[in-house]
Amino acid sequence: MLKSYYNKDVREAGLDEVGRGCLAGPVVAAAVILPLDYTHEFLNDSKQLTRVQREILQEEIMREAIAWAVAEVDNFEIDRINILKASFLAMHLAVDKLHTKPEHLLVDGNRFTPYPMIPHTCIIKGDAHYLSIAAASVLAKTYRDNLMSELALQHPHYGWETNVGYPTIHHRKAIRLHGTCSYHRMSFRLLKEETEEMEVDIEEGNSEI
């Protein structure tokens, strides 16, 4: 079971982001302040949970949290400032939206741009160690997954309802065939060389090429 707090003497907000490695769509971050005595049997890193589990947890986190917020930075800003800065900006924006001010930030990862007047601690794989970070990862992922499913209705070629913008073979093939759209991150390497794609397909046992 994950830990309920890093420092029980201060009000902590867990921070996490999703979508950093995607070729399209925004990067999304969440901030969550949980009650000090909050526990949960299966709350964990969102990547370790099923979609149904994440949706159940999303409702519970939103109901039980002292405060929570989700924020996004779009692909245009990602292209302008780079994905790392955009990820930190999304986390800052999520903290900005909290209606209860935290006294300490628990950040998933090993780097962070300090938030004004609030100390922070970076925790590598923090979403697998602390409930508040795991809760943030669940809120960020459910929000972004739902958003990409909505965008998939506008742009059905890319398979965003399943790959949510990540660089899958299908996604890259669709870019090669149909071109990019206004949600793609143009500063990213959207296409691999055909020889690279063939090598990946062979490794995965795919005979489409």
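**View 1. Ile175 is a buried residue, with a relative accessible area of 5%.** Welcome to a close-up of this predicted model. Ile175 belongs to helix H6. Setting aside neighbours within four places in sequence, Ile175 is in contact with Leu23, Tyr158, Thr180, His184, Leu190 and Leu191.

**View 2. Trp160 has one of the highest numbers of contacts inside the largest nonpolar core.** That core has 39 residues, and Leu15, Leu105 and Phe112 join Trp160 among those with the most contacts inside it. Elements giving two or more residues to this core include strands E1 (12-18) and E4 (104-108) and helices H4 (131-154) and H6 (169-178). The largest share, seven residues, comes from H3. Not counting residues up to four places away in sequence, Trp160 touches Ala24, Met148, Leu151, Ala152, His155, Gly165, His171, Cys181, Tyr183 and His184. Another core, of 20 residues, lies apart from this one, and Leu2, Tyr38, Leu43 and Ala65 are among its members.

**View 3. Strand E2 is largely enclosed by the rest of the structure, because seven of its seven residues are buried.** Take a look at both sides of the strand: Val27, Ala29, Ala31 and Ile33 point one way from E2, Val28, Ala30 and Val32 point the other way, and all are buried. In a regular strand, side chains alternate between the two faces of the sheet.

**View 4. E2 pairs with E1 in the antiparallel sense over five bridges.** Here, Ala30 in E2 is the bridge partner of Asp16. E2 also pairs with E3 in the antiparallel sense, over seven bridges. In E3, Trp68 is the bridge partner of Val32.

Note on methods. Residues are numbered from 1 along each chain as its sequence is written. This is a predicted model: local features need pLDDT of at least 70, side-chain atom pairs count only at pLDDT 80 or more; totals for chains, interfaces and linings use all residues. Side-chain values use heavy atoms; hydrogens and water are left out. A nonpolar core is a set of buried Ala, Val, Leu, Ile, Met, Phe, Trp, Tyr and Cys residues joined through side-chain atoms within 4.5 Å. Buried means under 20% relative accessible area, exposed over 50%, partly exposed in between (1.4 Å probe, protein chains only). Helices (H or I, at least four residues) and strands (E, at least two) are DSSP runs, numbered from the N terminus. Contact means heavy atoms within 4.5 Å. Two strands pair if DSSP finds at least two bridges between them.
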